[in-house]
Amino acid sequence: MSSDGLRIPDFYKLSVRERVRAVHERGVLTPDDFRSLSTGRHTLDLSSADRMVENVVGVMGLPLALGMNLVVNDKQYIVPMVVEEPSVVAGLSSACKLVKNSGGFRATSTDPILIGQIQIVDLPEIEAAKRAISERKYEIINLANSFHPNMVARGGGARDLELFVHRLPSRGKPMLVIHLLVDTRDAMGANLVNGMCEGVSPLIESITGGEVFLRIISNLTDRALVRASCTIPVNALAGRGYTGEQARDGIVVAADFAAVDPYRAATHNKGVMNGIDPLAIATGNDWRAIEAGAHAYACRSGRYTSLTDWRTDDEGNLCGSIEIPIKVGIVGAPLESNPTVALNLRLLSVESATELAEVMAAVGLAQNFAAIRALATEGIQKGHMTLHARSVVTAAGAAEDDFEEVLDRVVRSGVIKVWKAREIINELKRERRRTNGPHPKRSTDSELGVGFGKVVILGEHAVVYGRHAIGAPIPLTIKALIEDCDEGIHLMIPRWSVEYQLAANPKDRRSFERPAGVVLDKLGLTGRSMRIEVFPDVPRGMGLGGSAAMAVAIVRALDKHFELGLSDEDVNALAFESEKIAHGSPSGLDNTIASYGKPVVYRPGETPLVEPLNITEPIRAVIGMTGCEGLTAKTVRRVREAWLKDRKLYERIFDQIDALTLRGVQAIQDNDVELLGELMNVCHGMLNALQVSTPELEQLVETARHNGALGAKLTGGGGGGSIIAICDGDTEPVANAIRAAGFQAMPFNLGAEPNGS
């Protein structure tokens with residue numbers, strides 16, 4: 001498939017459910033595979049596991065992730081990887097993106113030849129045995145092929161014999177070793193080759209007069225070699241505070257170290273196998289055999305050395321290459337016994353075992369590049385601090401409810417150690433005992449900037465076209481902290497595993513850098529070095545104003561750190577500029593609530609109408625979250641395209657939503673919750689007519705209404721995200737029903753003061 005067809009922007013930012021859906025939408029997953037991944041039915045069941053190995057007592061899970069952006073021989077791949085080590089998948093995807101922009105990887109391979117070894121001892125005369133075997137070579141090969149005619153029919157089979165003489169150390173006598181070279185085509189072929197060796201052994205004994213002892217495959221598959229290479233222009237290596245030349249030269253020096261020092265080469269080659277092994281496991285191949293062959297091949301000169309080479313060509317480009325033995329398969333019972341393996345092979349879409357081997361070699365080279373580039377520039381640990389921190393917090397045994405809080409505090413401490421995480425876990429327990437609260441918040445920190453999450457009670461989408469909307473803050477915030485650093489502007493969001501350096505030149509910024517970049521540009525801070533750490537409670541893409549809350553939090557943190565003296569109006573205006581970059585045509589409602597943290601009636605314009613909404617009695621409400629990220633820019637664009645086609649129709653719909661909103665203002669002021677609920681129900685129907693709802697949102701709305709909600713509707717941009725439901729009394733029946741349906745629920749009181757500490 002073309003590189004454009006498989007491009008999924010910001011794939012790492014999506015939820016698991018959204019990633020599965022995005023891959024399915026690009027035709028990579030079949031409908032059955034999509035359902036299997038979505039429901040978890042793809043995993044190995046206990047009865048199947050019991051048939052695979054002995055003494056089974058359970059099934060152990062490992063993460064299945066996708067490496068993105070890999071292009072080999074002008075074909076793009078999505079790479080399934082089974083791996084538990086943080087940073088491997090992120091490093092691969094980043095490296096592949098850089099190489100893709102430079103033309104991708106080129107790879108070649110020899111025929112998929114396996115070596116079967118036949119050991120012959122107690123020979124009366126070695127040289128006579130060698131001559132006899134050579135004279136009757138084709139008789140032996142034909143006999144071997146007679147055992148597997150189907151393999152021969154597919155173009156494979158025994159190809160040749162090789163003879164070697166070694167001295168047996170224990171006996172002091174020579175032995176003869178025959179290598180039976182077998183092309184196994186798309187099969188892994190170990191059992192096939194072992195069977196051939198067994199089958200020809202009686203004939204070999206009769207020819208040589210010796211005794212055949214071992215008959216077994218070799219895992220040093222150096223007749224099945226794969227070579228991959230890439231060329232990266234030096235200017236593409238610039239970044240992270242380094243020039244392209246500095247990064248290139250650092251990579252070459254690091255590679256030279258591995259070429260001459262076996263201690264360094266062992267770790268260097270482990271980085272190569274960090275890419276190859278997860279793909280081998282995902283495709284059901286014997287990763288242990290691949291590892292053994294690779295390390296043996298690294299010793300072929302008599303000294304252990306690097307499997308890759310990095311050098312500078314005459315034009316100053318960085319050139320990388322790898323040569324490695326890889327013998328894998330894509331057919332056969334061992335692969336078909338695990339349903340996830342079959343799914344992964346369909347997802348990878350390779351047509352032969354040699355193509356899979358070429359992909360593996362390119363993945364190994366890419367992973368090696370990612371590792372030594374990080375070492376040569378910012379360092380492995382620094383470059384992947386947030387990913388490493390997540391593993392540390394997991395190892396420390398943080399409870400699910402405390403995980404994100406512990407993660408934030410560990411990253412802020414700068415001590416990414418298990419003992420530190422455990423210390424923070426104990427601190428949280430002590431805080432909980434002192435406050436008698438289930439979820440202690442971080443203590444107030446005067447350096448933190450805070451932005452508030454929000455719900456839209458009535459009026460979303462219509463508000464973009466000059467109508468009124470009612471919005472209110474929720475008890476979820478995003479906080480930000482600014483710290484000085486040595487060089488560059490670094491943004492870190494530990495909870496989302498986001499970590500990148502902001503490009504100083506606006507033209508060089510990627511799409512996700514631009515919202516924060518415009519704020520720094522307008523404040524004249526682009527030339528300052530800093531680390532921006534963000535601690536979000538507002539979930540991503542759930543229609544709860546997360547992007548606006550983040551913008552406000554960052555602006556307020558910048559204001560505090562650099563003592564800019566910004567007013568609330570200044571903060572709101574800067575956040576609005578950020579929102580325009582993020583969403584294209586925002587109304588300004590989200591950033592207004594994120595800035596002021598108060599319920600408002602809002603109408604956009606040259607001078608927006610912002611009226612405080614007095615909610616005299618808190619309204620019992622529940623937020624239901626689908627877990628499917630909604631892209632506000634996408635739904636806003638969809639509505640705009642429809643409006644452009646038929647303005648008269650859509651203006652009438654917006655007028656009707658506006659009338660509902662104004663009646664809703666009166667209902668709130670009269671504390672008429674029942675009427676407000678009815679207005680919300682009608683408004684949801686209109687939003688559905690605008691085609692911004694989804695099946696998940698509809699299920700949530702119906703679940704809430706059927707379990708006692710007075711009204712329920714989507715909130716925010718739609719296309720995923722969340723709903724808001726209001727209740728006359730107890731919210732638990734609604735919240736529990738939403739959770740029972742497999743979604744997340746958060747009861748809260750509309751009109752209560754949000755906690756911004």
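Modeller: Helix α9 (residues 244-260) and helix α10 (residues 262-282) pack at about 115 degrees, and their axes lie 6 Å apart.

Colleague: Which residues make the contact of α9 with α10?

Modeller: From α9, Ala255, Phe257, Ala258 and Val260 meet Pro262, Arg264, Ala265 and His268 of α10. These contact residues divide into six nonpolar, one polar and one charged. Arg counts as charged, so Arg264 is the charged one. The crossing of α9 past α10 is left-handed.

Colleague: Why is glutamate 355 called buried?

Modeller: Buried means under 20% relative accessible area. Glutamate 355 has 13%, so it counts as buried. You will find this residue in helix α14 (residues 353-376).

Colleague: What makes the pairing of glutamate 355 and lysine 75 a polar contact?

Modeller: The cut-off for such a pair of N or O atoms is within 3.5 Å, and the side chains of glutamate 355 and lysine 75 are joined at 2.9 Å. A polar atom of the glutamate 355 side chain also lies 2.7 Å from the backbone nitrogen of glutamate 351. Leaving out residues up to four places away in sequence, glutamate 355 touches Lys75, Tyr77, Ser349 and Val350.

Colleague: How do you know where to be careful with the chain's pLDDT?

Modeller: The chain averages 89, and 95% of the residues score at least 70. Over residues 379-383, however, pLDDT is below 50, and it is also below 50 over residues 438-444. Where pLDDT is low, the predicted coordinates should not be read in detail.

Key: Residues are numbered from 1 along each chain as its sequence is written. This is a predicted model: local features need pLDDT of at least 70, side-chain atom pairs count only at pLDDT 80 or more; totals for chains, interfaces and linings use all residues. Side-chain values use heavy atoms; hydrogens and water are left out. Helices (H or I, at least four residues) and strands (E, at least two) are DSSP runs, numbered from the N terminus. Buried means under 20% relative accessible area, exposed over 50%, partly exposed in between (1.4 Å probe, protein chains only). A polar contact is a pair of N or O atoms within 3.5 Å; within protein, one must be able to donate a hydrogen and the other to accept it, and residues adjacent in sequence count only if both atoms are side-chain atoms. Contact means heavy atoms within 4.5 Å. Axes are lines fitted to C-alpha atoms, for helices over the stretch in contact, and angles run from 0 to 180 degrees between N-to-C directions. A crossing is left-handed if the near helix is turned anticlockwise from the far one by less than a right angle, and right-handed if clockwise. pLDDT is the predictor's confidence in each residue, from 0 to 100.
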